[in-house]
Amino acid sequence: MDSPPFILQCLAGDATPADVDAFVARWTEADSDTPLGDYLGMTEDEYDAWVEFPAVLPAIIEAEHYNATGTGIAHRDNTKANTGGALRPGESVDLLADATA
């Protein structure tokens with residue numbers, strides 16, 4: 001994959017849930033051995049939920065903001081403080097608010 005997965009692009013503001021069909025088309029055209037869920041950046045549970053209930057996709061993307069597995073697992077941070085302050089004030093996640101989002 002040449003670019004970040006769909007989920008990460010959504011979180012970065014570079015894609016929207018409406019773009020998922022384009023990502024699926026690229027995966028199909030690539031004839032990849034990578035499972036579609038992995039290509040999209042979804043966990044197995046997220047992928048299963050999306051396949052069964054496609055309307056849940058925006059909730060899956062929003063839930064990524066709340067992955068609370070902590071530093072070294074869900075994210076890596078070089079400081080002990082939350083210098084960004086946009087999300088998770090009790091954790092050292094340096095996320096900034098995006099005024100364009």
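This is a predicted model: local features need pLDDT of at least 70, side-chain atom pairs count only at pLDDT 80 or more; totals for chains, interfaces and linings use all residues.
In soluble globular proteins, nonpolar side chains tend to be buried together.

Phe6 shows how such a residue is surrounded: setting aside its neighbours within four places in sequence, Phe6 is in contact with residues including Ala15, Val20, Phe23, Leu40, Leu57 and Ile61. Gln9, which lies in helix α1 (residues 6–12), counts as buried because its relative accessibility is 14%, below the 20% limit. Apart from neighbours within four places in sequence, Gln9 is in contact with Ser3, Pro4, Asp14, Ala15 and Phe23.

Across the whole structure, a search finds 2 aromatic pairs. The ring centres of Phe6 and Phe23 are 5.0 Å apart and the planes meet at 65°, so this pair is edge-to-face. Because Phe6 lies in helix α1 and Phe23 in helix α2, the pair ties together parts that are 17 residues apart in sequence. Both Phe6 and Phe23 are buried, and Arg26 lies over the face of Phe23, at 4.3 Å from the ring centre.

The other pair, Tyr47 and Trp50, is tilted, with 5.9 Å from centre to centre and 55° between the planes. Both residues lie in helix α4 (residues 44–52), where they are 3 residues apart, about one turn of the helix. Tyr47 is partly exposed, with a relative accessible area of 25%, whereas Trp50 is buried, with a relative accessible area of 12%.

Terms used. Residues are numbered from 1 along each chain as its sequence is written. Side-chain values use heavy atoms; hydrogens and water are left out. Helices (H or I, at least four residues) and strands (E, at least two) are DSSP runs, numbered from the N terminus. Buried means under 20% relative accessible area, exposed over 50%, partly exposed in between (1.4 Å probe, protein chains only). Contact means heavy atoms within 4.5 Å. Rings of Phe, Tyr and Trp (its six-membered ring) pair if their centres lie within 6.5 Å; planes under 30 degrees apart count as stacked, over 60 as edge-to-face and the rest as tilted. A charge sits over a ring if NZ of Lys or CZ of Arg is within 6 Å of the ring centre and within 35 degrees of the ring normal.
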